[in-house]
Amino acid sequence: MPNTPAMPSSGRLSGLRRRRRERRRRRAARDWADGLPADVLLAILHRLDHIDILMSADRVCRSWQRAAREEPSLWRRITMRGHEGIARKINRCGMACEAVRRAAGQCEAFCGKYAGDDGFLIYLSVQCPCLRSLCLISCNDVTDEGFAEVVQALPLLEELELSRCRNIGADGVYELAGEVCPQLKHFRLNKQSFKNTDNNMDKDALGIASMHGLHSLQLFSNVISNKGIETILDNCLHLEYLDIRYCFNVDMNETLLAKCTKIKTIKLSDDPIDDYDLQAESPGMTVQSPVRTYDYAWSHLCCFQGHNDFYFRHYYDISYPPLLR
């Protein structure tokens with residue numbers, strides 16, 4: 001009697017059906033993503049933080065990967081501020097380098113939180129000489145020397161933010177920015193918290209006063225006094241917006257009010273901070289920044305020498321998932 005193949009058990013059949021259904025579901029999802037028109041796909045990607053594109057959207061399917069890697073317009077304005085909860089687990093400097101590389105020289109604006117050091121800024125200035133907006137938040141590995149060198153290579157800057165960057169602010173740094181960036185119109189200088197311990201309360205004011213073309217200025221948690229504000233107002237005659245919330249050394253007296261008559265919007269030290277986009281801290285409070293430690297001196301040297309491939313490899317680590325091939 002010929003041997004007949006044994007019939008699979010009901011449990012095995014159920015498992016096979018389940019796997020087939022899962023394959024069909026994945027195929028349908030992949031086909032849906034692959035079938036999107038290019039303009040619709042780019043519209044979706046433009047709504048994402050660029051960390052999300054590098055970590056997730058870049059891995060949806062091949063059409064999304066091509067769009068994320070081969071469309072420089074997607075990287076014209078780079079924003080890397082998300083994923084605060086896992087900042088210690090991802091390599092933001094490596095991602096920032098990759099984002100700038102994908103811009104192919106077209107990047108006009110970069111905004112990074114915990115995503116920059118001197119070496120990266122030099123690479124950014126070389127790759128994106130037409131940068132018009134630079135926003136650095138909690139980039140404590142950017143130094144006065146590195147910033148001073150980079151800002152001289154970015155004469156087209158119109159917007160500059162240096163928020164909670166503890167190692168930027170030496171005498172002459174802001175004056176240099178005002179001198180070499182004549183088109184600068186918007187400046188934000190926000191401190192971690194209000195600490196009324198500096199004997200020279202108005203040291204920032206002299207540098208800001210050199211930015212004669214400013215239209216808007218935000219100083220949050222700064223120890224600046226009335227004298228410093230008056231110096232700025234006397235030299236920045238185009239100022240239309242002034243935000244000095246949490247600047248508790250400023251007393252808005254009659255003299256200061258008279259100098260502010262031409263300013264359209266003023267936010268004073270005790271005004272609400274509902275629209276402030278960073279975490280506000282009580283005076284004297286400090287928080288350790290979740291920044292990883294790298295060999296910054298070596299990466300800085302490699303960037304000077306033009307070894308950009310090494311620079312990318314240097315910043316990538318095993319916590320960053322490999323890109324699709």
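Start by selecting D243 and the residues around it: leaving aside neighbours within four places in sequence, D243 is in contact with L217, Q218, L219 and K267. The model is predicted, so treat the tour as a walk through computed coordinates. D243 sits in strand β7, which covers residues 241–243. Is D243 buried or exposed? Its relative accessibility is 0%, and D243 therefore counts as buried.

Next, select F110 and F187. Within the largest nonpolar core, which has 74 residues, these two touch the most other members. Colour helix α5, residues 92–103, as well: α5 supplies six residues, the largest share of this core. Now keep F110 and show what surrounds it. Not counting residues up to four places away in sequence, F110 touches I78, M80, A96, A115, F120, L124, L131, S133, L134, C135 and L136.

Another core lies apart from the largest one. To find it, select C111, C135, I137 and L278, which are among its seven residues.

Finally, select helix α7, residues 144–151, together with helix α8, residues 173–180. How do the two helices lie relative to each other? Their axes come within 10 Å and cross at roughly 5°. An angle under 35 degrees counts as roughly parallel, and α7 and α8 are therefore roughly parallel to each other. Show side chains at the contact: on the α7 side are D144, F147, A148 and V151, and they meet V173, L176, A177 and V180 of α8. By class, the residues of this contact are seven nonpolar, one charged and no polar.

Key: Residues are numbered from 1 along each chain as its sequence is written. This is a predicted model: local features need pLDDT of at least 70, side-chain atom pairs count only at pLDDT 80 or more; totals for chains, interfaces and linings use all residues. Side-chain values use heavy atoms; hydrogens and water are left out. Axes are lines fitted to C-alpha atoms, for helices over the stretch in contact, and angles run from 0 to 180 degrees between N-to-C directions. Helices (H or I, at least four residues) and strands (E, at least two) are DSSP runs, numbered from the N terminus. Angles under 35 degrees count as roughly parallel, over 145 as roughly antiparallel, 65 to 115 as roughly perpendicular and the rest as oblique. Contact means heavy atoms within 4.5 Å. Ala, Val, Leu, Ile, Met, Phe, Trp, Tyr, Cys and Pro count as nonpolar, Asp, Glu, Lys and Arg as charged, and the others, Gly among them, as polar. Buried means under 20% relative accessible area, exposed over 50%, partly exposed in between (1.4 Å probe, protein chains only). A nonpolar core is a set of buried Ala, Val, Leu, Ile, Met, Phe, Trp, Tyr and Cys residues joined through side-chain atoms within 4.5 Å.
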